[in-house]
Amino acid sequence: MDEIIRVLFEYLGKVQGFIYPNEIELHWSILIVLYPFITGLVAGAFILASLERVFNVKEVKPTYRLALLTALAFLLIAPMPLNIHLGHPERALEILFTPHLSSAMAIFGFVYIWYLMVVLVVEIWLDYRKDIVILAQSEKGIKKYIYQAMALWSYNISPEALELDDKIGKFVTIIGVPSAFLLHGYVGFIFGSIKANPWWSSPLMPVIFIFSAMVSGIALVMLIYMIVSWLRKVVIDMNCLDTIGRYLLYAFIIDFSLETLDLIHRFYESNEAFGALAMLMSGKLHISLLIVQIALGTLVPITLLSIIQLIKVKPEIRKPMYFSAGMLTLIGIFAMRWNVVIGGQLFSKSFRGFTTYKLELIGKEGLMTAAALIILPVIILAVLIYLFPPFAKETGE
Amino acid sequence: MKYNRKEFLKIAGKFVLIGGFAKILKANKLFAAVAGKPVNKEYDIKSNLWGYGIDISKCIGCGRCVDACKKENNVPKEPFFFRTWVERYGILENGEVKVDSPNGGLNGFTDKYKDEKLVKKYFVPKICNHCEHPPCVQVCPVGATYTTPDGVTLVDRKYCIGCRYCIQACPYGARYLHPKLHVADKCSLCYHRITKGLLPACVEVCPVKARIVGNLKDPNSEIKKFLNANDIQVLKPHLGTKPKIYYKGMDKEIF
C-alpha cells in the first residue's frame, strides 16, 4: 500500500489543471495496454493463416502453420496481464462461473475459451494430426507417449481419414474468421462502449481494433517467418513474403483510413470534450501519438510497402524494407494501444485537467513484468515449433 | 439451594458465555443485512427510494462532510480516496473559470483566490450519483456492484475482483480502488445508517443544511419537497445515467 501512496503523491505534484480527487490514480496500467496488443496479434495471425485456407491465397502457405502456432502461443498468454492486474486475482474465475451478462468484460472469458479451444486448438490439431501420428509411431521414450496422447490414441491416417480432417479443418477455419473478428472486435467494444470516456466511446472502436489487429498480426508473422528462415538458413520464399507484404499494406490502408476518419469526426464535431482531447493529443500524447504511432508506426511502413508495390526493388533490398516495415508496424500498433488505454485515462472526466502516468521499471505493473509477458509467448512459440515442426510440409523433411 | 464455589463459578460462566454470544449476534446484524435480511425490522425496503439533494447556494466549503465521511466509512485518509468531496469554483471577470479541491476540501478552503477580479464563487459538494441507470453496475463483470431495491448503488467487497472497469465507467469520478482491500469503493449513502433511520454522516454534520436526504416515494419527505420547490439539475444529464443526486442552483460551469 505504501508504494502506491508514494507514487500517488508523486502524481499529485504533476497534476495539471483541475481533476476530480479520485482521478489522480491512473487505473489501467501498461498491463492493460498489453492485453489488446497481444489479443490483436492473435487475431491478426489467425486471419493471415485463414488467407491460405479459406481464401485460397496459396502464396502464403509457407506461413500457414507458423501463423497458427504464433496465434496459439500469444493466445495462451493473453489473459495473463489481466489476471496479474486484478486486485483479487484469486476471484478471477468468478467471471466465468458467475458472469454478469450485461458486462462486456464478462463475455471475454467465453469468447476466449471459444476461440482457444474450439477454433485454434482444434484447427491446429487437425492440421497436425498426420504428423503427430507419424511421430507417435517413430519417436522413442517419453516423447512417444506424449505424441500418442496428443493423437488421442487414434492412428488412422488413411487418405479418407485425412480428407475428412481437411474438410473439418476448413470448416473450423471458416468459423474461425468471424471468431477472430469477434475476439478482437469485442476487445474494442470494452473500450468503445464506455460513454463516460469520450476518448474511448466510439462505435468505430471495435472496427479499428479489428483492422489494427490484422495489421499487427500479419506484421508479426512476417517478421517471425523472416527470422526463423534466417535461423534455419533456408531461402525466404520471396513470392510468399511479397504476398504477405501486399496484404499488410491493404490492411494498413483500411486501418489508417478508419483512424483518420475517427480523428476527423472528432475535430469536426468538437463536442464538450474536444478541448481536453485536443490538448491531450498535442500535449501528453504528442510523442506517442503523432510521432511514434502516426509518423513512424504508420506513415513510414505504409510508404515502404507502397514503394515495393509501385517500383521494382531488388529482393536483397526488399527484405530489409519488409523487415523495417514490420518492426515499425509493431511499434506503431503498440503505441496505438498505449494511446488508447493510457491516453484515455490521462484527462479528467471534468475535462479541466490531466493526471500523469509514469511507467515504473520493477513492481507488479512495471516494465519488467510487461517485457516478461512479451517474451513469454516467444518462448512458448519456440517450444511449439520444436514440438510441432511447421516446416515439414514444404521442405519435405 | 446451596452452591459451593466451584458450582457457582460454573453457572456464572455459562451466563457470561450466553451474554457474550448474544452480543456477537447483535454485532452480526450488519452481516444479516448483507445476507439479505433487513438491519432494522421496521425498515421496509420496498417502500423506500433514496434521493439526495444538494443546495449549492448554502454550501460554505467547510469540508466537515468530507471529514465525517472518511471517519464514518474508514475511507483511507490520503488525498486520493474520497466518497465525497467539495469543489470550489471561481469565475473571473474575463470569464475564466478556476476550479480546485485541495484534499477534496477536507481541510476547508482557507487560502483565498489571489485574483481580485472574481465575479462569482461557489462550492459544489459531490458524491456518488446513485444513478437510476448506473454505468458502473452495467459493466461489472461479476455483479459485485449492484443497485438495492431502494435505489442505492453498493459494492460487495467480498465479491469484487478489483478489475476497475466500474471506475472507468463512472462519468463522475465517484469511485476509487481501496488501497488496502483492493476492491472498488464509493459512497454507499451510509446505507448502514439510513436503513436504521439515521442520516448519512455528511448530511448529519453539515452545519448549513446544504445536503438533505430522503425517501422519493414519500410525498411528504424533505427531499420530495426540495425537488418540488426548486429548479433542479443533475450532473451530466446527456449521458442518460439519471442521477438521484439533485442539485439546486447549479451553474453552467459545473460538470
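Two strands pair if DSSP finds at least two bridges between them. Helices (H or I, at least four residues) and strands (E, at least two) are DSSP runs, numbered from the N terminus. The model is predicted: local features need pLDDT of at least 70, side-chain atom pairs count only at pLDDT 80 or more, and totals for chains, interfaces and linings use all residues. Residues are numbered from 1 along each chain as its sequence is written, and chains are lettered from A and ligands numbered from 1 in the order in which they are written.

**Sheet of chain B**

Chain B has an open sheet of 3 strands in the order S3-S2-S4, with antiparallel pairing. S3 and S4 (118–127) of chain B stand at the edges with a single partner strand each, so one side of each has no neighbour in the sheet. From one strand to the next the twist averages 20°. Angles run from 0 to 180 degrees between N-to-C directions, and axes are lines fitted to C-alpha atoms, for helices over the stretch in contact. S2(B), residues 84–92, and S4(B) are joined in the antiparallel sense by 9 bridges; Arg88(B) stands opposite Phe123(B) in S4(B). Helix H3 of chain B (residues 64–72) packs on the sheet, where H3(B) touches S2 and S4 of chain B and makes about 160° with the direction of S2(B). Contact here requires C-beta atoms, placed from the backbone, within 7 Å.

**Helix pairs of chain A**

| Pair | Axes | Angle |
|---|---|---|
| H2(A) (30–53) and H3(A) (64–77) | 8 Å apart | about 155° |
| H12(A) (286–310) and H13(A) (315–341) | within 8 Å | roughly 150° |

Angles under 35 degrees count as roughly parallel, over 145 as roughly antiparallel, 65 to 115 as roughly perpendicular and the rest as oblique. H2(A) is therefore roughly antiparallel to H3(A), and H12(A) is therefore roughly antiparallel to H13(A). The contact of H2(A) with H3(A) includes Ile38(A) and Phe46(A) of H2(A) and Tyr64(A) and Phe74(A) of H3(A). Its residues divide into 14 nonpolar, 1 polar and 2 charged. Ala, Val, Leu, Ile, Met, Phe, Trp, Tyr, Cys and Pro count as nonpolar, Asp, Glu, Lys and Arg as charged, and the others, Gly among them, as polar. For the contact of H12(A) with H13(A) the division is 16 nonpolar, 8 polar and 1 charged.

**Contact between the chains**

Chain B gives 38 residues to the contact and chain A gives 37 residues. On the side of chain B that touches chain A, the elements with two or more residues are S3 (97–100), H4 (135–139), H5 (165–169) and S7 (176–177) of chain B. H5(B) gives the most, with 4 residues. This side of chain B holds 25 nonpolar, 8 polar and 5 charged residues.

Key. Two residues are in contact if their C-beta atoms, placed from the backbone, lie within 7 Å.
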